[in-house]
Every structure is written in C-alpha cells, then in structure tokens.
Amino acid sequence: MHRLTMLMRALAVLTLALLLPVLAQADGLIAGKSFGNDREIVVTFKAPVDQAVFADPAHYLVYEESDPDIRLELADVRLDSTGKIAFLGFKEPLNTTRPHVVSMIDLPAAVTGRTVETFRVAKPYLGYLLSILVSALLINNFVFTKYLGLCVFFGTSKRRDTAKGMGVTFTIVMVVSALMSWFFYQFVMKPHGLDFLQIVVFIGLVSLTVQAVDTILRKVNPVLFNAFGVYLVLVIANCVIIAVPLIMANNEYNFLETFMLALGAGGGFLLALYMMASVRERMELARVPKSFKGVPIAFIVAGQFALAFLGFSGLSLF
Amino acid sequence: MATDKSNLQLVVNGILNENPIFRLVLSMCPAVGISTTVMNGIMLGVAVLFVQVFSSCTISLVKNWIHPRIRIPTYTLTIATWVTVIDMVLAAYLPEAYAKMGIFVKLIVAFAIITMRLEMFASKENLTHSFWDGVGMGLGFMVGMMAIGFVRELLGLGTILGYDVLGFRPLLFFILPLAGFFCVGLMMGFFNYIETRYKRVKQG
C-alpha cells in the first residue's frame, strides 16, 4: 500500500514537471499566446496596444525554434476591436507540432520599456507526446500505413492467442531496444561522429534484447515460448523493430518521445495483429476460392484494413 | 553436406521454386510498400542482390569459426555491415533513387529472406555454391519485385519503366501505396490457380 502511494506521488510530480512549461507565462507585454488554425498564431496582450505598431507585419519576426535562419513569412496581422488580441496570419501552413519563436522588434520604448519582445509559442508538451503515441498507433500505423513488419504479421496472425502473446512480447522488446538505442545514439554515437554505424549498432542492440527475452521467457512461461516457436527469432528479422530506432535518430527524439514512439509502434502492431487474427479465425469457416486459401486472401483482408486506416489520416487530437 | 545441384539449378531454384516473394512469402514489406513502379523494383532488387551475395560469401568463408550458439547475431551483424556499405554507396551515387526508396534500403538488414538463406544454406555449403545461391535468391527477389511493379505501373499509370504503353490510365487505384496488399494477394491467387491447373493437365 505504501509503495502504491509512493508511485502515485511520483506520477503526480512527473505530470506537474511536464505541465510546468505550459503554466509558466511570459512576463511583460504578453498575457497569452497559442496556435490558431494551421497558419495562424494568436497573441493576447495585457492591455490594448497601438494599432499602427502592432498591426504591422514588419514588426514581427517568426521562426521555428530549431531553424532560426529560416524566417516564416507573415501575410498579415489583425488586431481585434478591443486592441488586445493580435492574429498573426502566415503565407505557408505552420508545423504546429514544433515550438515557434516570435520576436516583436522596433517597438516604441515608451510603451514597453524595451524595444524587443521575444516569446515562444508551443503546444502543451504532454499533448505533443500523446500526439506521437496516437500517430504511431493509428495515423501512421506501422503495419497498415507504413507497410512494415509484414512477414511476422502474416505469420503469427492465424490465432488470437498467439497474436496477443506475440504483440505484447513484441511491444516489450521494442520499448527496451528503442530506449537502449536512444541512449547509445545520444551518448556514444553522436559525440564520436559514429552516425554511419546506426544500422550495425541498432540491430546489435535488438539482437541483444531478443536474446534476453528468449532466455527469460523460456524459464518463466514455457507454454508461451512453445507457441511462438520460430517467431521470437524472427523478431530480429522484423522491419518494425529496426525502423523505430532509425526514425528516432532521424527525428532527433528525446527520451520521452522515443518511449512514446516505441509504445505506439508496439501497440499499433498488437492492434493490427489482433484484428487480423480475429478475421482470419472467422475466415477458416468461410468458403474461400481454393487458389486464394491462406496467404492470398489474408493479403486482401489486410488491404481492406489499410483502406479503413486511411480514414485516420488527418486526425489531430492535440 | 554439399548440395548436388549445379550452379544453374541453384540460380533457377531461387527464381522459380523458392521465389522469396511468391513462394516463401518472406520480405513482404518492400513488395507492398514501394513496388509501385518497375524501376523501384529493379533498384531495391540490385541492393538486395548485393547484400545477399556478399553476406552469403562472407558467412560461407568463416562458417567454421562461428560458434553455433552465437550464429544468428553473427549473421545479423554481417548483413548489417553490407547493408551499411550499399546504403552509403547509393546515397552517394544515386541520391534521387535513394530518396525514393527511403527507409527501405536500411531495412534490408531486417529482411527475413537473407538471414534464412545464411542459416539454411551458406552456413553449410562451400563458397561457389553459396555465391550462386545468393545470386539466385537476389534475382528471385528482383524478379518478384519487378513482376509486382509491372502490374501496378501498367494498371495504375499505363506505363512501363516510364514509357507510355497504354496511352491511358486504367486504374489509378493501383499506384496508391495500399493497393500493394490487393495486388500481391491477387497475383498470389493467380499463380496458385495456374499451378493447380498445370498439375491437373500434367496428370491427364
């Protein structure tokens, strides 16, 4: 019981730490800022401001935090009737998943006390993390929209029990190996300029994790181990498990983002396996043309699932 | 245990009897993901051929020094090394084609077909046989990819290798990425049908 309370307290602290950047407000002129639609930033001022200065796009410099050299072009700036809210319209749609920096330059010093006011606009970090999770789970499901891991997908989706066990083991291997890969990438490979060894190092770490899971499972749950047979070895030969570290390295994800990506990829794989297994169990009773029995019809069913998953594209929750 | 097949039989075996895509049902990810044109099939086919041949030769040469307990990790690392080589070569000399294939070149490292050939064949046979088996498997993969690419490009765009053949676009649906599932499924069913018909005719 005591341990549970400790866990809850740790969780609360973690949540608070994640939310803190959101709660902290910029001082001075600005009362609040957020993204409007995909080509708009909304800035709220503490007091009504001067129309001539603050409705002029020349006074604003906007860029993505990671690319300070690329200035985003403003189309227009509108102030609402109270003069307290400014709508910054952009020519190109913004990538709202990334933090943006807005600089207001050449301000009259009499109004604000300084001539430059800089602030950061970002989505809440927790929402961003969840959007990575949902994206890997549904929108960019690794099986149905990225077409990865198909060998294991068609091999182990014959029965629901196997599918469940395989999916869960897979998720565990994926999360552990992705986090280890992140550690090695950030602290060993990048500082020493060994980026080109990505493939060798990542696949080595995956093999290591698989070997560990193999040994543990053999001792802990022999029934499940027998059910997997050759497929636990084939986890090494699965595209998804190596694709996750590669995507992580490509996008320069941090620890939490990597965790969410791996969890989403594993969960998405489990989801795909389970749905497919449910359909294939039913299909054994159906009258399928003889030439299409087995793998060919499974491919066509997978195609229909992929069509259904197209419906998730454009989904944006956070 | 040496194989009694000739070199030519080994190559033909890889292309027809044990075709990686249509008969062994392995390496399906690229067959679905980027088989939209014949050219993509050829490009990835060349990369896989390279990796398969060189890994087979490497493993065949060092097979007597590999401890059985660690053979799978050894295979994986050998493949990873050769994939790194082809990945960097393609990125340097054919950047456009490389960009089209995206992450799939790096993912050759996880193709079940290569590991399987090393385990089943190269770790038991001599260098010459392993070389020809690698060539056969690589060509089999390339032929499979090209066959899917041929159907999809012809039906989707009405072209072959970029040349306009039909003059119109019959079914634009086929160049959508997800049509790969339908295309592979239908082609497999078709080949199965031909096989059963062929057997029936043969029996009289």
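The points below go through the predicted model, from conventions and overall make-up to single residues.

1. Conventions. Residue numbers start from 1 along each chain as its sequence is written, while chains are lettered from A and ligands numbered from 1 in the order in which they are written. Because the model is predicted, local features need pLDDT of at least 70 and side-chain atom pairs count only at pLDDT 80 or more, whereas totals for chains, interfaces and linings use all residues.

2. Make-up of chain A. Chain A holds 12 helices and seven strands; these are DSSP runs numbered from the N terminus, with helices being H or I of at least four residues and strands E of at least two. Of its 318 residues, 32% count as buried. Here a residue is buried if 20 or more other C-beta atoms lie within 10 Å of its own, exposed if 12 or fewer, and partly exposed in between, with C-beta atoms placed from the backbone. Among contacts in chain A with a separation of 6 or more, 70% come from residues 24 or more positions apart. A contact requires the C-beta atoms of two residues, placed from the backbone, to lie within 7 Å.

3. Domains. Chain A is divided into domain 1, residues 29-123, and domain 2, residues 126-310. The bounds come from an automatic or database domain assignment. Taken over C-alpha atoms, the centres of domain 1 and domain 2 of chain A are separated by 42 Å.

4. The sheet in chain A. Four strands make an open sheet in the order 1-2-5-4, with antiparallel pairing. Strand 1 (30-35) and strand 4 (74-79) of chain A each have a single partner strand and stand at the edges, so one side of each lacks a neighbour in the sheet. From one strand to the next, the twist averages 15 degrees; axes are lines fitted to C-alpha atoms, for helices over the stretch in contact, and angles run from 0 to 180 degrees between N-to-C directions. Two strands are taken to pair if DSSP finds at least two bridges between them.

5. Strands 1 and 2. Strand 1 of chain A pairs with strand 2 (residues 40-45) of chain A in the antiparallel sense over five bridges. The two strands form a hairpin with four residues between them. Within this pairing, A:Lys33 has A:Val43, in strand 2 of chain A, as its bridge partner.

6. Interface with chain B. On the chain A side, 33 residues are in contact with 37 residues of chain B. Elements giving two or more residues to the side of chain A that touches chain B are helix 5 (150-156), helix 7 (198-220), helix 9 (231-234), helix 10 (239-251) and helix 12 (295-310) of chain A. Helix 12 of chain A gives the most, with 10 residues. The residues of this side of chain A divide into 27 nonpolar, six polar and no charged. For this division, Ala, Val, Leu, Ile, Met, Phe, Trp, Tyr, Cys and Pro count as nonpolar, Asp, Glu, Lys and Arg as charged, and the others, Gly among them, as polar.

7. Helix 7 of chain A. The 23 residues of helix 7 of chain A reach 33 Å from first C-alpha to last, close to the 33 Å expected at 1.5 Å a residue. The expected span is 1.5 Å times one less than the number of residues. Its buried residues include A:Gln198, A:Phe202, A:Ser207 and A:Val210.

8. Helix 10 of chain A. The end C-alpha atoms of helix 10 of chain A are 18 Å apart, in agreement with the 18 Å that its 13 residues should span at 1.5 Å a residue. Helix 10 of chain A is mostly covered, with 10 of its 13 residues buried; among them are A:Cys239, A:Pro245 and A:Met248. The cover of these buried residues includes helix 6 (160-189), helix 7 and helix 11 (255-283) of chain A together with helix 2 (28-33) of chain B.

9. Positive phi values. A:Glu252 follows helix 10 of chain A and has a positive phi of about 55 degrees although it is not a glycine. A:Glu252 lies in the loop between helix 10 and helix 11 of chain A and counts as exposed, with 11 C-beta neighbours inside 10 Å. A:Tyr147, also other than glycine, has a positive phi near 55 degrees. A:Tyr147 is in the loop between helix 4 (125-139) and helix 5 of chain A, and is buried, with 26 other C-beta atoms within 10 Å.
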